[in-house]
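Please look at the model below before reading the notes. The notes go through it topic by topic.

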Amino acid sequence: HQKRTARRAREAPQSDRRSRSRAATTPHCGSSSVTTMGQLLAHLMSPHSPEQIFIDFDNAKPSAQEQELWDQIHHALEVGPQVLDKLVNYAGCEQWIRAAITTPTPENEEAAWNKVLPAVDQLQEFYEFSLQLEQSFPKLLVALCRDDPKASLSNQQALAKQLGDVFDFVLRFDDAKMVNPAIQNDFSYYRRSLSRMKLSKKDLNIKVRDELANRMSLFFAYPTPMMKVLSETTVKFLDANSTSVPRDNVVQALGHMANICLDMVDKHKFDSDKTNMFCLRAMTGGIILYDHVCYTGVFTKKSMINIKGAVQVLKNYSSATTADAPTTSTDGLLNALRFTTLHLNDPDTPGAIKQLLA
């Protein structure tokens, strides 16, 4: 009996040391050198393991606990479809601008100015929506990331749906903006003409003056302006709220969101192509933002996101083609992964992932 007791006493410290050693070598995104129990748990959940969570994007309704915040976010996002519609149908002023430049008569210049002025008012709407997004998105992060992120996504499905709404809007906006060079061309002409119009006293109807014009110019100059706003807003939020909302919680929430959406598309949880595309945009948005806030990025082998599975789903997805619902391409989402992530070309990124996105 005494020998067995002594042996157990010797074995216990060894077991404790092994446990501490495993914890010490577990990587995490909250810091480049300090480990946390939260990241240990996230790492133990293999990125290839199903999340076992279903978020009912088609029918999610806010609970009494969610209602107040849901109303605030809904108010900020409700004009999103109108903004997208205006962007998609933005025709530009190329004809009038070209005439004013090639044949700079007072009549041509005035015609171009009269055409550009209302167009810039529309661009101001787009920019102001980005400011609303900048103000409202941190509130979602607090609600979904303050406590256990996985439980929050599961138990606050209406807010999880709004997180998806943000990603859905941002990716659709940036995709439409990238293929419409008229936006930057029109705004560049507007800024060049602004001084001349002020000198000629024709600036009475001008809403976008110098300071605002400078801010808008920086916004539209970026290829994917809405995602830039989202990533910068998240980084600023984490820097300012590192104690109340740990970075690891935000990283895990984004990782779970991406994996949940991947699982739901991969397992055909939804019949609607519209809902499946919503899932794929939410997944892609989660991946991109994860890559911006996690120090080691999303493409390493230690990432909690099943990035290989996500890219394969995007490449293989094909929607039903009907007269009312033509095939929806995921090329824009693949390009978003190629060009708006930070760590794709890092040395630690596996060659197989680089090849998939080549």
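Predicted model: local features only at pLDDT ≥ 70, side-chain atom pairs only at ≥ 80, totals over all residues.

Residues are numbered from 1 along each chain as its sequence is written, and side-chain values use heavy atoms, with hydrogens and water left out.

**Overall fold**

- The chain has 16 helices and 0 strands; helices (H or I, at least four residues) and strands (E, at least two) are DSSP runs, numbered from the N terminus.
- Of its 358 residues, 47% count as buried, where buried means under 20% relative accessible area, exposed over 50% and partly exposed in between (1.4 Å probe, protein chains only).
- Among contacts (heavy atoms within 4.5 Å) between residues at least 6 apart in sequence, 75% join residues at least 24 apart.

**Nonpolar core**

- In soluble globular proteins, nonpolar side chains tend to be buried together.
- A nonpolar core is a set of buried Ala, Val, Leu, Ile, Met, Phe, Trp, Tyr and Cys residues joined through side-chain atoms within 4.5 Å.
- The largest such core in this model has 104 residues, and those with the most contacts inside it are Phe57, Phe173, Tyr190, Leu280, Met283 and Ile287.
- Helix H6 gives the most to this core, with 17 residues.
- Tyr190 is in contact with Trp113, Val116, Leu117, Val120, Ile206 and Val208, leaving aside its neighbours within four places in sequence.

**Pockets**

- On a 1 Å grid over the protein atoms alone, a pocket is an open set of points with protein on both sides within 12 Å along at least five of seven lines, while a cavity is a set of points where a 1.4 Å probe fits but cannot get out; lining residues have an atom within 4 Å of a point.
- Grid points are joined across faces, edges and corners, and a volume is the space filled by probe spheres set on the points.
- The largest pocket holds about 750 Å³ of space.
- It is lined by 28 residues, and the closest to its centre are Lys161, Asp165, Asp168, Lys274 and Phe278.
- Helices H3 (64-77), H4 (80-88), H8 (157-178) and H13 give two or more residues each to this lining, and the largest share, 7 residues, comes from H8.
- The lining of the largest pocket divides into 12 nonpolar, 6 polar and 10 charged residues; Ala, Val, Leu, Ile, Met, Phe, Trp, Tyr, Cys and Pro count as nonpolar, Asp, Glu, Lys and Arg as charged, and the others, Gly among them, as polar.
- The second largest pocket holds about 450 Å³.
- Of the 23 residues lining the second largest pocket, the closest to its centre are Leu171, Arg172, Asp175, Ala176 and Gly332.
- H8 gives the most to the lining of the second largest pocket, with 6 residues, and that lining has 13 nonpolar, 6 polar and 4 charged residues.

**Cavities**

- The structure holds 2 cavities of 30 Å³ or more.
- The second largest cavity has a volume of about 30 Å³, and its lining consists of Leu140, Leu141, Leu144, Cys145, Leu163, Ala253 and Leu254.
- Helices H6 (106-145) and H12 (247-266) give two or more residues each to this lining, with the largest share, 4 residues, coming from H6.
- The lining residues of this cavity divide into 7 nonpolar, no polar and no charged.

- Asp148 is in the loop between H6 and helix H7 (149-155), and it counts as partly exposed because its relative accessibility is 44%.
- The side chain of Asp148 reaches the backbone nitrogen of Ala151 at 2.9 Å.
- Asp148 and Ala253 are 105 residues apart in sequence and 8.5 Å apart in space, C-alpha to C-alpha.
- Thr275 is in helix H13 (residues 273-293) and counts as buried because its relative accessibility is 7%.
- The side chain of Thr275 makes a polar contact with the side chain of Asp58 (2.8 Å); a polar contact is a pair of N or O atoms within 3.5 Å, and within protein one must be able to donate a hydrogen and the other to accept it, while residues adjacent in sequence count only if both atoms are side-chain atoms.
- His268 lies in the loop between H12 and H13 and counts as exposed because its relative accessibility is 65%.
- Most residues other than glycine have a negative phi.
- Phi of His268 is near 55°, a positive value in a residue other than glycine.
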